[in-house]
Amino acid sequence: MKMTFYGQFVAGEDQEAIKPLIRRNQAFGVGAVLDYSVEEDLSAEKAERQELDSCTSAAEKEMGGAEQREKQYRAHPGFGDRRGGVISARTYFYADEAKCDQHMETFLRCIDASSGSSEDGFSAIKLTALGRPQFLLQFSEVLVKWRRFFHQMAAEQGQAGRAALEMRLEAEKLREALANLGIATKAETQRWFTGENLGISGTVDLLDWNSLIDSRTKLSKLLLVPNMKTGQLEPLLSRFTEEEDLQMKRMLQRMDVLAKVSGAPMNIPHMSLTPQRATETGVRLMVDAEQSYFQPAISRLTLEMQRRFNRDRAIIFNTYQCYLKEAYDNVTVDMELSRREGWHFGTKLVRGAYMEQERERAAQIGYEDPINPTYEKTNEMYHRCLDYILEEIKHSRKANVMVASHNEDTVKFTLRRMMELGIHPSEKKVYFGQLLGMCDQITFPLGQAGFPVYKYVPYGPVQEVLPYLSRRAQENRGFMKRANRERDLLWREVKRRLRAGTFFSSSH
């Protein structure tokens, strides 16, 4: 395996074994995003069982009622094993709190490896590894319902079809609507608006709305949602057990530890690190995107980390999946928040790794497919989101983007737009990223031309990385086309060197 498949796609077994490859890549101007790719080798039945159990609350197990929740945001038999139809993403299943602590320690060691093996590196994490997925499902449903409530009120004010950031509710009409629905009296909303300095311009946009909701629903009341039929704020669950409340808080604490440690010297005890110390130097944290039913919560929790830790530079990077229909709205709304609050926007743009699974789940369970209808539409979305971020870099220099793509046209598009907008590679605002073992014909020329470019570097013991590697072996046709292109380019270079008599020349 080490001489073939493992050797092609995995850097080594541990943080010492990966150093030669990382140093070799650095010599060509290529950095590393380290990803400890060990997965538990669960049977499909056990994965399904663990997922269904960890996505269902104690109250729902005891009294039922899960069917009252939105289809997309609850666990379904047949879709518990989230590895199905997924090619290049690790998958974590919740076992218990001790396992989540082990995952956090693994991520801490990965940050340590990144700081010890390269300068200016990244470390990748997944939030499903850090806590019970029940909370990600529930929080996602809450966020989506509140946003939908805003869009519904915007439609009633004649603004249906507008981009999310262009919708502006008339403050007076909003207060009347909230009073008519019985959610709050006009006197209460007046106090809310005054306390949050909202509606001063006479209108309320989506970010104002989000801050208003934040102030009304603190952690203990996080899962309140508006019921449009009754006009009441209702808990998504009838009750939380004390253990569930602790589990949710522990998930947030684990994220906090990782955010504080990223970039900090590792000989300092993890728990005593301060945010100020953590942002001095070193590793940046890249939060991977996951399934669409977890993603609203993952993005929101990552955003909260960015608000705290990205004050001076981009330490925390969120990931946006451009195969989602709502990708542009998500990017523009989050970017606008960073503008208003003055922190550095860090993002990785990907097309997405869960398309087949997402489509099948939506079709079988019966909700709208969240994925763009065609590959061409996804390309358009990717370039639209990317262009918006590049324009922001030009104007403020407070945004950072990793173009994580194997698509040569996307890389060329980025290079052209950087030149047109006057963004120099030495500013290190635009990064490029490809998976280890793939598309070297893109990565290494970029590195040697002085562009910040990174390999996504999986590592871990052979036996424990096999579940991840086995799915890599089932990559889609697009990978095979890229592999054919790389083979053709290599064969062309071999023939060129043979003709020129420079086959063993080190200068090529």
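In the predicted model, Phe 122 and Tyr 454 are both buried. The centres of their two rings lie 5.1 Å apart and the planes meet at 80°, so the pair of Phe 122 and Tyr 454 is edge-to-face, an angle over 60 degrees being the criterion for that class. Because Phe 122 belongs to strand S2 and Tyr 454 to strand S12 (residues 453-459), this pair ties together parts of the chain that are 332 residues apart in sequence.

The structure holds twelve aromatic pairs. Another of them is formed by Phe 122 with Phe 317, again edge-to-face, with 5.1 Å from centre to centre and 90° between the planes. This pair likewise links distant parts of the chain, since Phe 122 is in strand S2 whereas Phe 317 is in strand S8 (residues 316-321), at a separation of 195 residues. Phe 317, like Phe 122, is buried. Through ring pairs, Phe 122, Phe 317, Tyr 431 and Tyr 454 are linked into a cluster.

Arg 132 is located in the loop that runs between strand S2 (122-125) and helix H6. Although buried, Arg 132 has no salt bridge, and the nearest side chain of opposite charge, that of Asp 53, is 4.5 Å away, where a salt bridge would require a separation within 4 Å. When neighbours within four places in sequence are set aside, the residues in contact with Arg 132 are Asp 53, Ser 54, Thr 56, Lys 61, Tyr 94, Gln 247 and Met 251.

Helix H6 spans residues 133-156 and includes Ala 154, which counts as buried because its relative accessibility is 0%. Beyond residues up to four places away in sequence, Ala 154 touches Gln 159, Ala 160, Met 167 and Leu 169. The C-alpha atoms of Ala 154 and Asp 205 are 9.5 Å apart in space, while the two residues are 51 residues apart in sequence.

For the protein chain as a whole, 19 helices and twelve strands are assigned, and buried residues account for 54% of its 508 residues. Of the contacts between residues at least 6 apart in sequence, 76% join residues at least 24 apart. The accessible surface of the chain amounts to about 22700 Å², with 52% of that area belonging to carbon and sulfur atoms.

Notes
Residues are numbered from 1 along each chain as its sequence is written. This is a predicted model: local features need pLDDT of at least 70, side-chain atom pairs count only at pLDDT 80 or more; totals for chains, interfaces and linings use all residues. Side-chain values use heavy atoms; hydrogens and water are left out. Helices (H or I, at least four residues) and strands (E, at least two) are DSSP runs, numbered from the N terminus. Buried means under 20% relative accessible area, exposed over 50%, partly exposed in between (1.4 Å probe, protein chains only). Contact means heavy atoms within 4.5 Å. Accessible areas come from the Shrake-Rupley method with a 1.4 Å probe; for residues, only the protein chains shown count as cover. Lys and Arg count as positive and Asp and Glu as negative; His and the chain ends are not counted. Rings of Phe, Tyr and Trp (its six-membered ring) pair if their centres lie within 6.5 Å; planes under 30 degrees apart count as stacked, over 60 as edge-to-face and the rest as tilted.
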